[in-house]
Structures are given as structure tokens and as C-alpha cells.
Amino acid sequence: MNPTMRLSRVAVICGGLLVCLPVPSATSAEDIEAQRDQAAYAGSWRAVTIEADGNPQPARERNIVVVNREDGTWTLSVDGREVSSGTNAFDPLATPPAIDIEITAGDGAGSRLVGIYEIDGDRRRLCFRGEREWRPTEFATTPGSKAILVTFERE
């Protein structure tokens with residue numbers, strides 16, 4: 001048998017019985033890093049600053065909260081009303097770490113955002129653009145960039 005082949009089950013003969021036991025699938029370093037970042041990203045986060053196209057936006061005037069779950073799903077609420085939800089996919093080995101945000105329900109349903117993220121304890125930053133735009137490479141926006149930069153604090 002080729003040692004590099006992945007086996008989903010292994011046969012064990014014990015006392016004349018053939019038993020099939022599941023074998024955990026191999027996990028790459030990238031998968032492990034993505035799971036680690038997804039767990040760090042999980043929680044309830046309140047937007048404290050928002051900048052779009054180089055212009056500060058009034059984040060503190062509204063209660064904007066994103067709840068991220070460890071399974072990669074999220075919900076966005078504004079002033080206590082859920083406005084959209086979706087899923088995240090992480091690439092923690094990119095420089096800077098990359099995130100794809102799928103909006104599956106509510107405002108923007110069917111859209112995909114491409115971005116970068118950083119997590120520093122109870123603060124995180126997210127800079128993103130729409131799917132037809134290029135992924136940001138830094139945590140900044142400029143006039144006409146179509147980029148949005150949000151700083152969150154853990155609730």
C-alpha cells in the first residue's frame with residue numbers, strides 16, 4: 001500500500017472479527033492556523049470606528065455588533081436589529097491574513113467581500129472591498145478606493 005494514500009477507515013482484526021474504525025483525516029498547517037484564527041475571531045464584537053473611501057463614518061452613533069461563531073458563521077445587528085448573516089473563510093498564512101465574507105441572508109445576500117484582518121487581544125481590524133474589487137493589502141482607505149476599514153472591540 002502506498003504510504004501517502006489517505007485512508008478514511010482502517011480494518012482491525014480482533015478476535016476473528018473485522019472492525020472498521022474511522023481514522024481522523026490529516027489536517028494541514030494551514031487548516032490548523034485557520035481554525036485557531038477562527039476561534040480567536042469568534043465572539044461578539046462592537047464596531048468602534050468605521051472608515052469608507054478615506055472618510056470616517058459615525059460608528060459610535062449606532063450600535064453595530066457582529067457575532068462570529070467558531071463554525072465560521074456570523075450575524076450583523078444594527079441598533080439591536082439583525083440585518084444580515086453569512087459565513088467567513090480564513091487564510092491566516094497570507095500576508096496580511098485574508099478573509100472572504102459571504103453574505104447569505106439579509107442586506108447584501110448573495111454578495112462576497114474580500115478582505116484582510118488582524119486580531120490583537122480584544123481588538124480586531126477588518127479592511128475589505130466587494131468581490132469584484134481587489135483584496136486590500138493594508139489597513140487603510142483612500143478616496144475612491146472602495147475599501148472599508150472597521151475597528152472592533154470585543155463585547
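**Charges over rings**

I looked up R129 and found it over the face of W134, 3.6 Å from the ring centre. I count a charge as over a ring if NZ of Lys or CZ of Arg is within 6 Å of the ring centre and within 35 degrees of the ring normal. I also noted R124, whose charged end sits over the ring of Y41 at 3.8 Å from its centre.

**Basis**

I am working from a predicted model, in which local features need pLDDT of at least 70, side-chain atom pairs count only at pLDDT 80 or more, and totals for chains, interfaces and linings use all residues. I number residues from 1 along each chain as its sequence is written, and side-chain values use heavy atoms, with hydrogens and water left out.

**Aromatic pairs**

I found 3 aromatic pairs in the structure. Rings of Phe, Tyr and Trp (its six-membered ring) pair if their centres lie within 6.5 Å; planes under 30 degrees apart are stacked, over 60 edge-to-face, and the rest tilted.

I checked Y41 with Y117: the pair is edge-to-face, at 5.7 Å centre to centre and 80 degrees between the planes. Y41 lies in helix α1 (residues 29–41) and Y117 in strand β9 (residues 112–120), so this pair ties together parts 76 residues apart in sequence. Helices (H or I, at least four residues) and strands (E, at least two) are DSSP runs, numbered from the N terminus.

I then took F90 with Y117, which is also an edge-to-face pair, at 5.4 Å centre to centre and 85 degrees between the planes. F90 is in strand β7 (residues 81–91) and Y117 in strand β9, 27 residues apart, and I note that the pair links distant parts of the chain.

I record Y41, F90 and Y117 as a cluster linked by ring pairs.

**Burial**

I use buried for under 20% relative accessible area, exposed for over 50%, and partly exposed for in between (1.4 Å probe, protein chains only). Y117 is buried, with a relative accessible area of 2%. F90 counts as buried at 12% relative accessibility. Y41 is buried as well.

**Whole chain**

I read 1 helix and 11 strands, in the order β-β-α-β-β-β-β-β-β-β-β-β from the N terminus on. Of the 155 residues, 33% count as buried. I put the accessible surface at about 9,500 Å², with 53% of it belonging to carbon and sulfur atoms; the areas come from the Shrake-Rupley method with a 1.4 Å probe. Among contacts (heavy atoms within 4.5 Å) with a separation of 6 or more, residues 24 or more positions apart account for 37%.
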